[in-house]
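Thank you for making the time this morning. I would like to walk through one model with you, going from a single residue out to the elements around it.

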Amino acid sequence: MTATPRPEIRSQMRRYVEQRLLMKGDGAPLHDDDLLFTSGRLDSLDAVELVMSIETDYGINFADIGFDLTRLDSISAIVALAGQPSAGTA
Amino acid sequence: MTAHNLGLRFEEVVASSPDAVALICEGDHFTFAELNKSANRLARWLTSQGVSKGAVVCLELPKIAEAYALAMACIKLGAPYAFLDPAAPAERARLMLERCRPALIVSVREGSGPRTVIGDAGTRAALHHVVSKLGDDNLPLTSGITGADPAYVMFTSGSTGEPKGVVIPHQGVLHLVAWAKSDLGIGPQDRLTNVNPIYFDNSVFDIYAGLLNGAAIVALDALKGRPPAELVSEITRHQCTFFFAVPTLFMFLDSMHLLGPQWLPSVSRFMFGGEGFPLARLRRFHDAFAGKAKLINCYGPTETSCICSGFEIVESVFDTADGLAPLGQLNPNFSYRILDEDMKPVATGTAGELWLGGPGVGLGYINNPQETARRFCQDPLIDGYRSILYRTGDLVEAEAGTGVLRFRGRADNQVKLRGYRVELEEIDHALVACKGITRALAVVLHDATGASRLLAAYSGARTADSDLRQHCAARLPAYMVPSRFIWLEDIPVNANGKADRRSVASLLGEAVARAS
């Protein structure tokens with residue numbers, strides 16, 4: 001697996017999250033630091049989808065980060081985690 | 001148990017504790033006497049709208065007080081109600097309504113059919129004004145309803161491409177209520193959450209195991225854009241003692257650091273079911289509440305009155321090698337057979353299909369004799385009299401001596417996604433209805449932690465993901481919309497020329513791995 005550059009992760013994640021929000025009728029502006037789960041904009045069903053997508057696309061193992069969703073609570077947080085050198089080696 | 005139907009049972013509770021809180025909803029508290037009067041008035045109003053015993057009433061409503069009171073009103077009339085998701089795609093709602101052939105639809109949205117819309121404060125007030133003039137005493141005709149009469153219709157995914165409405169009799173729910181009292185200890189001292197969607201089978205437990213045992217129920221929404229911390233604090237503020245939800249929700253709360261006794265101090269029992277709880281995640285839940293609350297794994301198809309077994313999670317569960325908690329022993333008044341493909345009993349310790357019997361078995365699928373005949377069958381080992389069993393499609397193994405059942409897989413293409421039951425064929429049908437698509441197959445891929453993901457392969461015209469997603473969202477509930485669509489030149493077929501779901505699953509697994 002080749003490492004995905006951060007700007008690309010950012011735009012991929014933004015597209016992905018916006019799409020899920022739209023499916024729920026949420027078209028409100030989305031900033032990179034906006035909280036996704038803590039705010040309730042994404043729910044338990046979205047969490048499963050998002051985690052599996054990140055696991056597949058960026059090689060992050062959810063168990064390795066202690067099943068901690070607060071580490072994936074914003075686009076910025078996901079980008080930071082996915083861009084770490086250890087990501088993708090799992 | 002003295003009452004022979006749910007309406008009489010409810011009235012017994014009302015008579016014994018009229019002033020106890022029955023329902024907390026939208027910030028209001030309703031006592032048993034208040035809920036009963038409201039149900040009696042609504043029953044009279046339903047009658048004035050042409051609803052009589054045996055007629056179906058569709059309730060396309062969110063968790064508002066009227067929804068619960070209308071359900072009780074229907075119960076008292078012997079008119080089975082069907083809760084429908086008010087956010088269901090129009091096409092799916094149409095299919096469900098068509099099957100129900102309702103005498104009346106009470107809905108929050110406009111549409112066809114005999115319908116009363118209570119979509120805003122004005123229309124709700126208008127209904128209240130009309131019913132306030134009607135009598136609020138119990139209805140004499142309630143005593144004429146038998147335990148074998150239908151109580152409600154609950155929709156579940158169907159393999160023919162449309163949802164099926166399971167019809168459940170009063171007696172099935174009465175036994176569920178009795179089990180909740182005897183085995184789970186539910187009584188007037190309890191407060192139950194009603195987090196489960198009201199149009200979802202698990203809600204049947206919340207409502208009846210609560211109200212009919214004299215406990216209060218608290219209407220809560222887990223979704224709808226609300227912060228999870230708010231849900232947890234509402235459960236605590238209302239001092240809920242019993243919290244039943246799908247594993248997906250408990251895992252979510254755990255991942256948000258909200259599943260611990262410091263956040264949910266009033267809860268003494270957690271129950272989960274509808275899908276397997278991966279043991280690694282269950283371990284965290286168990287450890288967090290060790291000595292403070294009980295955890296119960298429950299099992300039951302919609303067709304057999306919500307729940308037919310429960311198993312308290314104990315330390316030894318984590319020593320098993322099969323990755324899932326046992327389903328437990330069947331509840332009182334259920335019988336079962338574990339049969340092989342030739343409908344012969346399997347040897348002890350061997351997996352076979354579970355066939356369930358007893359008064360909790362449903363009355364079939366509404367206005368759908370073909371599907372009913374396929375699933376509700378004569379016991380193949382009895383030919384001297386009528387004995388109908390429900391074929392669950394679940395492959396199970398019974399522990400010798402204890403009768404504790406363990407889940408071993410499915411005999412068909414039914415999967416559990418986020419606690420919802422999904423027939424993959426329903427997704428295939430929806431996709432093939434998209435212009436240019438010749439064949440489609442939905443599959444579920446599992447990751448190492450037990451989480452599952454829905455994908456679809458299709459052949460024919462190559463179509464943009466966003467168009468496919470939109471197409472599916474117009475026909476299927478959100479949890480049934482695949483997260484990825486993968487175009488294949490040809491869908492692999494098996495020796496009989498049928499699309500081969502297993503080959504497709506392995507192809508998609510490889511495709512997803514390659515894409516990353």
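Predicted model: local features only at pLDDT ≥ 70, side-chain atom pairs only at ≥ 80, totals over all residues.

Let me begin with B:Glu426, which has a relative accessibility of 2% and therefore counts as buried, the cut-off being under 20%. B:Glu426 belongs to helix H12 of chain B, and, if we leave out residues up to four places away in sequence, the residues it touches are B:Arg92, B:Ser157, B:Gly158, B:Gly161, B:Glu162, B:Pro163, B:Leu476 and B:Met480.

Three strands of chain B form an open sheet in the order E23-E24-E25, and the pairing is mixed. At the edges are E23, residues 437–446, and E25, residues 484–487, each of which pairs on one side only. Ignoring direction, neighbouring strands in this sheet are turned against each other by 25° on average. Strand E24 of chain B, covering residues 452–460, runs parallel to E25(B) and is joined to it by four bridges, and within this part of the sheet B:Tyr458 stands opposite B:Trp487 of E25(B).

What packs on this sheet, and which strands are touched? Helix H2 of chain A does, touching E23, E24 and E25 of chain B, with a direction that makes about 70° with that of E24(B). Helix H12 of chain B, residues 424–432, also packs on the sheet and touches E23, E24 and E25 of chain B, its direction making about 145° with that of E23(B).

H2(A) has a further partner in chain B. The axes of H2(A), residues 44–58, and of helix H9 of chain B, residues 247–255, come within 9 Å and cross at roughly 75°; since angles of 65 to 115 degrees count as roughly perpendicular, that is therefore how these two helices are described. On the H2(A) side the contact is made by A:Ser44, A:Leu45, A:Ala47 and A:Val48, and on the H9(B) side by B:Thr248, B:Leu249 and B:Phe252. Sorted by class, this contact has five nonpolar residues, two polar ones and no charged ones.

Staying with chain A for a moment, consider helix H3, residues 75–82, which is largely enclosed by the rest of the structure because six of its eight residues are buried. The buried residues in H3(A) are A:Ile75, A:Ser76, A:Ile78, A:Val79, A:Leu81 and A:Ala82, and what covers them includes H1, residues 6–23, and H2 of chain A.

E1(B) is joined by four bridges to strand E2 of chain B, residues 28–31, and the two run antiparallel, with B:Ile24 standing opposite B:His29 in E2(B). Their hairpin has two residues between the strands, and in it B:Glu26 takes a positive phi near 50°. E1(B) also runs parallel to strand E10 of chain B, residues 216–219, through two bridges, and there the bridge partner of B:Ile24 is B:Val218.

Finally, the division of chain B: domain 1 spans 6–316, domain 2 spans 332–410 and domain 3 spans 422–515. Between domain 1 and domain 2 of chain B the C-alpha centres lie 27 Å apart, and the contact takes 29 residues from domain 1 and 22 residues from domain 2.

Conventions:
Residues numbered from 1 in each chain as written. Chains lettered and ligands numbered in written order. Heavy atoms only, no water. Axes fitted to C-alpha atoms, helices over the stretch in contact; angles between N-to-C directions. Parallel < 35°, antiparallel > 145°, perpendicular 65-115°, else oblique. Contact = heavy atoms within 4.5 Å. Nonpolar A, V, L, I, M, F, W, Y, C, P; charged D, E, K, R; others polar. Pairing = 2+ DSSP bridges. Buried < 20%, exposed > 50% of the residue type's maximum accessible area, 1.4 Å probe, protein only. Domains from an automatic or database assignment.
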